[in-house]
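This briefing concerns the arrangement of helices and strands in one protein model. Please consult the sequence and structure shown below before reading on.

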Amino acid sequence: MIVRHDKGTLGRSMPLTRDRGIHLLGRSVQESDKAVAVLNARREIVWINPSFKKMLGYQSEDVIGRPLISVLVSKATPSATRLSLERLVNAKRGGLEEINGHDKFGNEITLLIYTDHIRDIDENVSETIVTIHSNTPARMIQTLQNTVLEELVSGASLENVSEFICKKAEFITRDVISTILRVDQNGLLHPLAAPSLPQYYSDALDGIAIGPSVGSCGTAAYFGEPVLVDDIETNPLWAPYKGLALPLGLRACWSVPIKLRDGRVAGTFAFYFREKRGPSYLHEEIVSACVHLCALAIEQHEAKEHINRLAYFDMLTGLPNRRQIYQKASQTIAEASEKQGKMALLRLDIKRFKDINDTFGHSTADQILGQIATRLQNQLRPIDIVGRFGGDVFVIILPDADSAYATMVARKLVDAVAKPFAIADLLLPISISIGISLYPDNGTDVETLLKRADSAACKGKAAGHEAIFLYEHEVVDGAQERVILGAALREAVSQEQLRLLYQPQINLADGTLHGVEALIRWAHPVLGDISTSRFIMIAEQIGLIDEIGIWALSEACRQMAVWRAAGHHIPAISVNLSPLHFRNRNLPDVVAHLMRQYDIPKHTLMLEITEGVMMDDHPTTLATIAAIQALGVGLSMDDFGTGYSSLSRLTHVPFSELKIDRSFIEGMVTDPSARAVVTAINSIGRSLNIAVVAEGVETEMQQQMLRELGCEIAQGYLLSHPLKAADLEAWLQEKQGGALPPASRRMKTETLPA
């Protein structure tokens with residue numbers, strides 16, 4: 001308790017007279033956070049302090065003259081509890097007792113009750129002082145917070161978390177109906193949760209603008225302050241809306257704004273009552289906790305949306321970006337395959353867009369791209385998908401579309417874009433070319449369809465006028481390619497034509513070696529260099545992937561043993577594995593055997609897996625990962641951020657390393673979105689104590705920016721191409737002799753396609 005001193009008495013002691021002592025004692029009882037009641041000789045209440053009213057919901061006129069027992073218990077109170085309370089009140093010397101009592105509204109509350117008697121000159125009890133403490137709100141709030149935080153951590157949606165909060169609040173208080181409303185950027189209300197109200201009630205509130213007299217919630221959101229309406233029927237704030245509430249038996253409403261850390265009002269949390277009243281002490285405590293939890297849930301939801309926009313949407317046009325186009329196209333292909341249906345993929349190029357950029361500047365070019373995006377969207381069905389692939393390239397996915405329909409849509413798009421664009425005082429004509437590929441006629445995967453639409457688009461762009469081109473089959477189709485390459489790959493495996501190259505990973509702070517990544521390469525004597533992605537896909541299709549993966553693991557472990565024996569310090573070696581490898585329940589035994597055979601310490605071997613592995617629902621996959629973890633082998637998440645949302649997985653699988661995909665590194669110098677994603681991934685790694693490796697570093701500018709962003713490890717052609725084992729040893733000796741060798745001196749390299 002704070003005691004204020006009158007002016008002129010500060011620092012001087014004041015004599016404590018009897019009257020002043022009584023005055024201070026009275027103030028301390030009035031201001032105490034414990035409920036205090038005074039009983040007369042008949043054990044009837046004659047006085048209560050404000051905390052008694054707040055804690056138990058009673059006013060003085062409700063309890064004066066009533067026995068204390070009748071106030072603290074209800075019909076549902078066990079007889080044993082009644083007897084304990086009677087013994088406490090009637091005890092000759094007073095005492096202490098804990099009981100499960102009830103407040104005015106029937107809410108059960110754990111009460112710690114202390115009694116002390118005041119006696120007259122004849123030693124008869126004249127008054128009894130009752131002090132009551134309740135820790136129920138604290139316990140309930142702790143439980144509420146823990147359960148809601150578990151929901152947030154589990155990744156539940158904002159709507160589900162909001163409904164969970166409302167239901168928990170209603171379970172605790174029992175005498176209220178709770179709602180959570182969201183306030184959008186335009187100041188409009190949108191229900192998030194109202195589990196005890198009919199759907200039509202929420203529908204009626206959706207889209208209402210907040211204001212100075214818009215019920216309890218709209219007004220609370222407008223002023224940013226709690227609003228209590230203890231009589232909905234007569235209060236002017238509710239005049240336009242009472243027809244909704246009164247038929248449902250709602251008589252009062254208390255609404256509290258949900259404020260985020262930046263001070264913005266993001267929503268409201270409200271309690272409705274079935275009688276004309278205000279909140280009790282318990283209500284206030286519960287709402288205070290719920291409002292805080294709601295703010296956390298909304299902030300988490302907005303952070304997820306922001307990251308999603310950065311990772312999957314083009315910031316200039318608002319359309320899906322390259323990564324999301326891949327994802328959407330894959331989903332559409334899967335659906336078409338299941339229904340044995342068709343799909344069309346259109347690639348749209350703007351002719352001579354570079355001339356517009358050079359002549360009128362980036363600002364004008366950006367305006368045109370934004371307007372083109374709008375025109376394209378206006379010509380498509382709701383099920384169609386349009387995205388910006390980068391630069392002046394747009395990609396359109398048409399589900400359930402054959403060549404005739406795709407051509408008709410393409411013509412509409414050409415006509416829509418052909419109308420001149422008004423930029424400042426200029427009318428700029430724009431022409432486009434569109435290449436079309438069809439599923440399954442021209443390909444059965446995204447990469448093939450994009451490649452063939454690109455081939456068709458290039459023909460259109462070279463035609464010199466706006467044109468639409470369908471892809472024409474090449475001489476060697478996918479089936480023939482699988483037969484030819486599959487046979488060659490079987491021979492390459494049996495003849496040991498595959499080999500590993502090793503690309504260094506460098507600590508940017510001091511230039512030391514962090515580790516090397518083992519990269520598999522195939523140079524066919526007739527077909528030439530075959531890209532890794534191409535022959536690995538064939539290996540998966542023809543059943544060679546397990547054999548190739550075990551060979552790569554064995555060769556990497558053998559080479560590590562050779563280096564260690566020769567005294568070369570290679571901290572770790574990373575080996576890429578296919579998702580199919582983790583469906584092999586024998587993989588952990590193979591890894592353990594190789595480490596024993598070559599005497600490889602567990603910390604020197606790292607297995608790189610993609611995000612797709614973590615989302616694989618095959619029953620063996622997660623068990624295999626767990627068994628490999630038990631060996632102590634490191635796990636690296638490759639191409640992080642390009643496939644699935646793996647944030648929740650990072651908390652369950654102790655990854656040693658995250659690798660930022662080269663597409664983010666390539667774009668981060670000029671694209672704020674890519675730079676933001678790199679920053680976010682680096683922050684995630686730092687907070688989880690996971691090493692972060694930036695792949696595909698090719699320029700000094702990229703390296704410098706990574707240093708500024710705090711990224712510690714880099715890998716790419718700027719630092720070193722993939723090297724043969726002997727060349728890596730020479731590279732290490734040169735590096736140890738001085739600074740990192742410049743790119744021009746790294747001559748003993750392999751430049752095969754990645």
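Contact here means heavy atoms within 4.5 Å. Axes are lines fitted to C-alpha atoms, for helices over the stretch in contact, and angles run from 0 to 180 degrees between N-to-C directions. Helices (H or I, at least four residues) and strands (E, at least two) are DSSP runs, numbered from the N terminus.

The model is predicted: local features need pLDDT of at least 70, side-chain atom pairs count only at pLDDT 80 or more, and totals for chains, interfaces and linings use all residues. Residues are numbered from 1 along each chain as its sequence is written, and side-chain values use heavy atoms, with hydrogens and water left out.

**The sheet**
- Five strands form an open sheet in the order β7-β6-β10-β9-β8, with antiparallel pairing; two strands pair if DSSP finds at least two bridges between them.
- At the edges are β7 (189-193) and β8 (227-229), each of which pairs on one side only.
- Strand β6 (residues 176-183) runs antiparallel to β7 and is joined to β7 by four bridges.
- Ile180 stands opposite Ala193 in β7.

**Helices on the sheet**
- Helix α7 (residues 158-173) lies across β6, β7 and β10 (265-273), and runs at about 155 degrees to β6.
- Helix α11 packs on the sheet and touches β6, β9 (252-259) and β10; the direction of α11 makes about 40 degrees with that of β9.

**Helix α11 with helix α12**
- The axes of α11 (residues 281-312) and α12 (residues 322-339) come within 7 Å and cross at roughly 90 degrees.
- Leu310, Ala311 and Tyr312 in α11 meet Arg323, Gln324 and Gln327 in α12.
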